[in-house]
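The following note sets out several points for a colleague to consider while viewing the model. Each may be checked directly against the coordinates.

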Amino acid sequence: MILEQLIFTMLAFGLFVYIFLKMIQRNDTSYITIIVIQAIGITLNFIAVLGKKELAPFFIIIKYVFGIIIPIGVMIVEKKGIPFIQVLSVLKSSVYLRIGNNKKAKEQLINLVTKYPENYIGHKMLAEIYELEGGMRKAIDEYVQAIDINKKDYDSYYKVAELLNNLDKSDEASEMLFSLLNKKPDYYKATELLGDILLTKQMYKEAVNVYQDALRYNPVSFELNYNLGIAYTMLNDFQNAKICYERAADINSLSYNSKYSLAEIALIYKELEEAERYFMEALEDEDLSADSYYELSKISMIKGDKEKAIQFANIAIDINSEKIVPKIKKDTIFIPIIARISLPFNIEVAEEKQSKLTEKEVIAKEHLEDMFEITRNLSYDDIKLLKKEASGKKKKIIEQNEIDGQREIE
């Protein structure tokens, strides 16, 4: 025990002197914290020596951690060229954040990056605090500085793009996301955000390219396949859209939006049985049930089953009369049965519910419904011609992709 105490005293005292001289040399009072901690460890050892008793296990651990381990840790950090004040500031800021004192944490970090502008962690933490407080422009500035220090900080790249998009600077956000995907093409969140921006800006061909590139790294992603289906839908490339929606539905059997889209595409191509099957599945979704019953009613009219058409139309009205009644009154297909449909005299405005459909989903859904109305009077021969043209385009795209792939290999 005496030998152990002697070794500890010599080692701890040597470390104490080292830290003290560092403080004098750098004229930095931040080291006082470590000196106080060391003093506690050394004091515990002297208590054991003077009392000629062995300390309890807990105090022995404290003695070694305070007197030796922490000072050695400081030495290692500084040997790597990281001044102790930086580590201490980050630790203090983390503690302040944990107890909810963002103001103190921010003060620590501002002092840190002012004195040490190259401190990556300081800029990153400060950016996160600004973002949390809603100071998006300040957050962007700090994330950019973090990127300048660490070029592989892809998360900060994404954050800058996200914040720019939130500030309605979609062009700058797109540029940042293209740059990020060029550096890290498998960064999924960047693909998702860039795709949404491109769809919003009606840049559908560009969105298709982005989603296709991302599918090379994650071919079984529901979101990528589904979003690619939306992009193809807006390009009126319904053959490719169908393939994407089918993949999405296979990956996620509860994706009723995919099934509704497949039903509308089947209607466009006059494949009534397939459309009916998909609409029946889409009935499970509360947001789609009224529209699905309405479409099933139209299919029944096309097939000449008036009784079933009336039944489906009345169910659709019961679910959402405000939405369905104007559609039925407007569509001439219901003229033969309009007198037998239970149209309410006064349409009650139901309490508006938050739809689960996103803006891009609503736009794609309405586009498919409109395209069916446009193509409804086309003959089966015209539909076959449309399919043939779509298949020809698809074949050309596949051949071009194979040529491009061969060029990349060469």
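**Salt bridges and cores**

1. At a relative accessibility of 39%, Lys-303 counts as partly exposed. The model under review is a predicted one. Glu-273, by contrast, is exposed, with a relative accessible area of 53%. These two residues form a salt bridge, in which the closest N and O atoms are 3.1 Å apart. Glu-273 belongs to helix H15 (residues 272-282), whereas Lys-303 sits in the loop between helix H16 (286-302) and helix H17 (306-319); the pair therefore ties together parts that are 30 residues apart in sequence.

2. A salt bridge also joins the side chains of Asp-291 and Lys-365, at 2.8 Å from N to O. This pair links distant parts of the chain, with Asp-291 in helix H16 and Lys-365 in helix H19, 74 residues apart. Asp-291 is buried, at 1% relative accessibility, and Lys-365 is likewise buried, at 10%.

3. Within helix H16, Glu-295 and Lys-298 are three residues apart, so about one helical turn separates them. They form a salt bridge whose closest N and O atoms are 3.2 Å apart. Glu-295 has a relative accessible area of 2% and is buried; Lys-298 is buried as well, with a value of 3%. Elsewhere, salt bridges that share partners join Asp-291, Lys-323, Lys-327, Lys-365 and Glu-369 into one network. The structure holds 23 salt bridges.

4. Leu-357 deserves a separate point. This residue is found in the loop between helix H18 (321-330) and helix H19 (359-375). Because its relative accessible area is 16%, under the 20% cut-off, Leu-357 counts as buried. With neighbours within four places in sequence left aside, Leu-357 is in contact with Asn-257, Asp-287, Leu-288, Val-362 and Lys-365. Asn-257 lies 100 residues away from Leu-357 along the chain, yet their C-alpha atoms are separated by 8.4 Å. Lys-365, one of the contacts of Leu-357, is the salt-bridge partner of Asp-291 described above.

5. The nonpolar residues remain to be considered. In soluble globular proteins, nonpolar side chains tend to be buried together. Here the largest nonpolar core has 93 residues, and those with the most contacts inside it are Leu-177, Phe-279, Ile-328 and Phe-334. A second, separate core comprises six residues, among them Ile-19, Tyr-31, Ile-34 and Ile-35.

6. Which residues are in contact with Leu-177, leaving aside its neighbours within four places in sequence? They are Tyr-158, Ala-161, Ala-190, Leu-193, Leu-194 and Ile-197.

Conventions:
Residues numbered from 1 in each chain as written. Predicted model: local features only at pLDDT ≥ 70, side-chain atom pairs only at ≥ 80, totals over all residues. Heavy atoms only, no water. Core = buried A, V, L, I, M, F, W, Y, C linked by side-chain atoms within 4.5 Å. Buried < 20%, exposed > 50% of the residue type's maximum accessible area, 1.4 Å probe, protein only. Contact = heavy atoms within 4.5 Å. Helix = DSSP H or I, 4+ residues; strand = E, 2+ residues; numbered from the N terminus. Salt bridge = Lys/Arg side-chain N within 4 Å of Asp/Glu carboxyl O.
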